[in-house]
Amino acid sequence: ISRRESFANVASIIGGVAGVGVASAFPSSAIAFPSEETARITSRMGGLLESYGDTLRGLSLLAPSGWNKFEGEVGAYDLKWQDLVDPKENIKISSTPVKSTTTSIIALGEDVQELGKKL
């Protein structure tokens, strides 16, 4: 016998002694056992992720479903997803164009350590 079943048995005995009339009014409560755990539900309004792909940028990711999507505010971001409920919650993707003739990372900045912090 499991711990949960033993507690349920003790509760039904105490409930039966303390309130015989109550048990007859609610017969299903004497045999009710708590369920293991409520299943996690993901819906469009919470927790569901949708696949997003942009072949021109070579980008593929899972973005929150139901969030507002914005494209291209010059100098700020390339893509942005913003939560409807809390506008402070957002995901931004930005890029810096580099010439195809560039052969060194120094073209992006002098200090590689500082550049790494930005990435």
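In the predicted model, strand S1 (residues 49–54) and strand S2 (residues 59–64) run antiparallel and are joined by six bridges. Within this pairing, Gly53 has Ser60 of S2 as its bridge partner. The two strands form a hairpin, with four residues lying between S1 and S2. The turn of this hairpin contains Gly58, whose phi angle is positive, at about 65 degrees.

A further set of strands forms an open sheet, in which three strands are arranged in the order S3-S4-S5 with antiparallel pairing. Strand S3 (68–73) and S5 are the edge strands of this sheet, each pairing on one side only. From one strand to the next, the twist averages 15 degrees. Five bridges connect S3 with strand S4 (residues 77–82), and the sense of this pairing is antiparallel. The residue standing opposite Asn68 is Gln82, which belongs to S4. As a general point, the side chains of a regular strand alternate between the two faces of the sheet.

These strands belong to a protein chain that contains three helices and five strands in total. When the chain is read along the sequence, its elements follow the pattern α-α-β-β-β-β-β-α.

The overall exposure of the chain was then examined. Of the 119 residues in the protein chain, 13% are buried, where a buried residue is one with under 20% relative accessible area. The accessible surface of the protein chain amounts to about 10000 Å², and carbon and sulfur atoms account for 57% of this surface. Contacts within the chain were considered by their separation along the sequence. Among contacts with a separation of 6 or more, 11% are between residues 24 or more positions apart.

A nonpolar patch is present on the surface, formed by Val98, Ile105, Ile106, Leu108 and Val112. Together, these residues have about 410 Å² of accessible area. One of them, Leu108, lies in the loop between strand S5 (90–93) and helix H3 (112–118). The relative accessible area of Leu108 is 43%. Because this value falls between the limits of 20% for buried and 50% for exposed residues, Leu108 is classed as partly exposed.

Definitions and conventions: Residues are numbered from 1 along each chain as its sequence is written. This is a predicted model: local features need pLDDT of at least 70, side-chain atom pairs count only at pLDDT 80 or more; totals for chains, interfaces and linings use all residues. Side-chain values use heavy atoms; hydrogens and water are left out. Patches are made of residues with over 30% relative accessible area and no salt bridge: like charges are joined within 9 Å, nonpolar side chains (Val, Leu, Ile, Met, Phe, Trp, Tyr) within 5 Å. Accessible areas come from the Shrake-Rupley method with a 1.4 Å probe; for residues, only the protein chains shown count as cover. A salt bridge is a side-chain nitrogen of Lys or Arg within 4 Å of a carboxyl oxygen of Asp or Glu. Buried means under 20% relative accessible area, exposed over 50%, partly exposed in between (1.4 Å probe, protein chains only). Contact means heavy atoms within 4.5 Å. Two strands pair if DSSP finds at least two bridges between them. Axes are lines fitted to C-alpha atoms, for helices over the stretch in contact, and angles run from 0 to 180 degrees between N-to-C directions.
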